Amino acid sequence: MSLSNDEPHQPQNDKPLHPPNNEPPHPPNDEPPHPPANQPTANQPQPPNPPGIDIDELSQLPKFHQAFSFIQALRAASLDDPVAKVTPEALEKLPIIHHGIKVYFHLEHAAQAAYKGIADSAARSFPGVEDIPSYCGVERLVAELSGIDSIKHHMCLNTCIAFTGPFSDLDQCPFCDSHRYDQLKLEATGKQVPVREFHTIPLGPQLQAIWRDPESAGRMHYRRERTAAIFQYLQQHDGKLHIIDDFICGSNYLEAVMQGRINENDMVLMSSMDGAQLYRSKISDCWIYIWVILDHHPSRPYKKQYVLPGGVIPGPKNPQNFDSFLFPGNEGLRIWDASRNINFTSHPFLALPTADALGLVHFDGMVGHSGRNGCRVYCGLIGRRKPQRSHYFPVLLKPLNYTVRGCSHDDVDVFNLPATGSGSYPTNLRHLVSSPNQTQFEKHRTETGIVKPSRLLGLNPAHVLGIPDCLTTDVMHLIAKISDLILSLWRGTIKCDTSDDVRTWRWAVFCDDDAWTEHGAIVGATTYHIPGSFDRPPRNPAEKLNTQYKTWEFQLYIFGLAPALLHTILPQDIWLNFCKLAQRLLGEWETEFEQLYHQCCHDRIHFIHLCVHQVNHLVLCYAQWTMEWTIGNLANALKSILPFLAPPNNVLPCGHQELGDGYVLLQMREKQPYRPPAIHVALLEDLVHAPLPQMHPCTDCSIKVIIDGTVCFAEVQYFTQVAITTENIGEWHDTNTAVISVFSAPDADLVRLSNQTVLSCKYLGDEGLRVVDVNSIKSVVAMILHRPTLPSGVIEDRFFVLERPGLNVYQFGVEQDQEDEIDQREMEAEERN
């Protein structure tokens with residue numbers, strides 16, 4: 001998911017990018033093929049310092065000695081390759097074990113009792129299969145065959161620290177003084193039994209496993225091939241890239257390639273960390289971090305098979321020192337590419353360390369959202385606070401009669417925000433760690449926005465994007481926070497200072513409980529119109545908002561349903577501003593948002609949460625969906641090595657017919673032949689000039705379809721396959737068609753007024769009947785009934801469009817941009833060549 005201030009597909013900057021010497025970024029690897037080495041490099045040299053920062057010098061300063069100790073230890077980390085090659089032939093020689101592992105994979109989401117039941121049944125029914133391993137035995141086999149197993153580390157009883165790095169020799173926690181080892185067992189047996197442990201899964205063996213199967217290794221070449229195609233395109237188009245559709249197209253990545261920091265044999269990674277709620281209606285029970293491989297085609301990195309577990313930190317208390325828990329998960333490695341049968345050295349490149357707002361501070365060492373420099377990407381925007389208060393807010397417009405020291409700067413132009421602070425970070429860090437006393441430290445912390453040195457400083461600067469350039473905005477949590485802020489304003493539940501009055505808030509249209517209840521019922525009723533492919537539909541917010549309302553529900557409700565449902569409910573100027581947010585005109589939205597809600601009043605400064613400012617940094621962004629959906633699974637590595645063990649993906653039902661290009665015609669559902677209405681029969685017989693076959697009636701299926709080069713919305717009546725004769729040849733061929741009823745074009749005045757956010761169409765019934773090829777159908781949409789007051793004054797029943805988030809809805813009722821299509825075809829042709 002990506003949002004921007006302007007058009008959907010724009011480069012991150014206008015600076016032309018040119019590959020050096022008009023050559024591909026790196027020559028091919030010519031190393032002779034041989035198995036991967038197992039021996040670690042002796043006397044490994046320390047990596048260079050980040051630009052402008054001397055780690056050794058700063059580590060001698062008394063302040064942050066502990067943090068720099070972990071950074072120094074991380075700089076010395078290395079990895080060997082303990083994994084032996086496992087072949088399908090070797091496993092086939094052990095049919096019982098093979099059967100057990102196959103059953104284990106297929107029952108991946110089932111209870112352990114299901115595996116035991118199948119194993120017991122097989123043992124009773126088929127002589128000689130009594131030795132099927134137990135469920136726990138299969139788990140051990142998976143770890144053994146993949147070469148990947150979790151590593152246990154000692155930790156504090158109260159989750160304060162992990163006994164790693166500089167803490168590895170301690171016997172007591174420096175924060176709570178709890179013992180590392182169970183004292184009763186130590187006195188009784190003399191054995192050192194740790195009180196608590198946590199698990200990490202080494203990154204290196206997981207990456208090596210992916211390359212051990214030729215098919216899996218071949219998929220890892222996408223980034224290298226796409227990068228070469230992009231540089232070729234840049235050479236032919238004056239260094240300008242006109243289509244941005246992947247992380248690889250970003251200027252930061254391309255510049256790192258041109259600088260030689262990312263080699264063609266390297267792997268580009270994204271790490272993600274978040275709290276995991278294992279039990280319903282409870283706080284986070286543990287912390288999980290994962291790795292996402294960005295070398296794959298964009299359709300693959302976020303699927304479970306390609307998401308690599310990093311570690312699990314038990315809770316429920318938050319760690320006092322996150323560095324000690326994250327320290328063990330960082331390594332480097334050597335690779336054997338089974339698709340090319342060569343061996344090479346790879347330096348994993350950390351492109352994006354990600355987390356939610358609370359978790360990111362453990363990566364970057366910055367202040368939280370309430371700091372004076374609270375921006376996640378460390379831009380130069382200085383926050384403002386209320387008099388006699390310490391919480392800062394990223395307010396652009398200076399309040400009237402406002403003289404708070406350090407916050408009284410002039411209005412900030414949203415279209416001229418300060419650049420991200422990579423250049424100032426080294427100077428500010430030195431300024432902070434040189435603080436002579438606690439008072440000066442707190443002062444410098446407020447001024448710089450830095451709390452401690454980032455643990456990313458421990459990585460080789462050649463193998464990580466610059467700090468804080470690699471720190472980005474999390475779209476998923478941003479959606480939830482903006483939704484929560486807007487609803488609290490509309491409901492009048494946000495804090496109101498004594499000098500303010502909720503009755504003067506024009507936007508508080510749901511302050512009345514009856515109005516909020518009525519609106520919630522309308523939102524809940526839309527569930528019946530939303531297709532199952534949209535995942536979880538939004539529930540009634542008046543009933544469910546305070547009981548774990550999901551971010552996905554917020555996204556469908558606030559950005560999909562609310563613009564149409566709240567037309568004429570919200571004041572006109574408030575609704576127009578909200579439509580700009582929904583349509584991602586973010587720069588205009590933020591300034592108007594402050595003017596409409598904040599109104600330059602110092603007692604409304606708290607209306608401007610950090611999420612209001614953060615939308616302006618969405619040119620480079622990511623989403624925490626992958627982290628939220630991840631369940632640690634060691635079996636993924638074995639699936640990468642031996643893909644034949646994994647169950648097939650997207651198994652289609654019996655009787656289906658594949659039509660090509662990703663289209664599938666399902667089997668007929670009707671038990672008896674069905675004859676459609678006469679007007680439908682006449683329409684099809686005019687097309688085929690022959691009696692009609694049995695059709696597939698389709699109930700409540702609305703689609704986006706291309707008709708004569710124009711995007712239209714329609715309701716499907718039937719799917720069928722008919723034989724059509726080819727003109728001037730006389731040959732017959734089968735054509736897969738759909739009989740559809742096209743909606744009218746969206747009301748042009750409402751489209752223009754809402755900045756193309758509300759697409760309100762009229763159902764035409766039989767007047768809109770058309771026959772189209774199924775390949776012209778682009779997606780399934782929801783057409784939701786509403787009764788708007790149009791700008792013309794007409795009040796009538798209509799249907800507004802809701803498309804699944806992530807699909808393009810900004811092109812509708814107009815001919816597609818031919819220039820963009822040509823650019824896209826050129827890029828695809830260059831990639832194939």
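Leu-465 touches Asn-252, Arg-261, Phe-349, Leu-350, Ala-351 and Cys-470, leaving aside residues up to four places away in sequence; contact here means heavy atoms within 4.5 Å. Leu-465 sits in the loop between helix H15 (438-448) and strand S11 (473-474). Helices (H or I, at least four residues) and strands (E, at least two) are DSSP runs, numbered from the N terminus. With a relative accessibility of 4%, Leu-465 counts as buried. The term buried means under 20% relative accessible area, exposed means over 50%, and partly exposed lies in between (1.4 Å probe, protein chains only).

This is a predicted model, in which local features need pLDDT of at least 70 and side-chain atom pairs count only at pLDDT 80 or more, while totals for chains, interfaces and linings use all residues. Residues are numbered from 1 along each chain as its sequence is written, and side-chain values use heavy atoms, with hydrogens and water left out.

The C-alpha atoms of Leu-465 and Tyr-253 are separated by 8.2 Å, although the two residues are 212 residues apart along the chain. Tyr-253, Val-268 and Tyr-425 touch the most other members of the largest nonpolar core, which has 69 residues. Such a core is a set of buried Ala, Val, Leu, Ile, Met, Phe, Trp, Tyr and Cys residues joined through side-chain atoms within 4.5 Å. Strand S4 (residues 286-293) supplies the largest share of this core, eight residues. Apart from this core lies another, of 59 residues, including Trp-490, Ile-530, Tyr-549 and Leu-566. In soluble globular proteins, nonpolar side chains tend to be buried together.

One of the residue pairs is Trp-291 with its bridge partner Leu-308 in S5. Strand S2 (residues 196-200) pairs with S5 as well, in the antiparallel sense over two bridges; two strands pair if DSSP finds at least two bridges between them. Here Thr-200 has Gly-311 of S5 as its bridge partner. Seven of the eight residues of S5 are buried, so this strand is largely enclosed by the rest of the structure.

Helix H16 (residues 475-491) is likewise largely enclosed, because 14 of its 17 residues are buried. Just after H16, Gly-492 takes a positive phi of about 70°.
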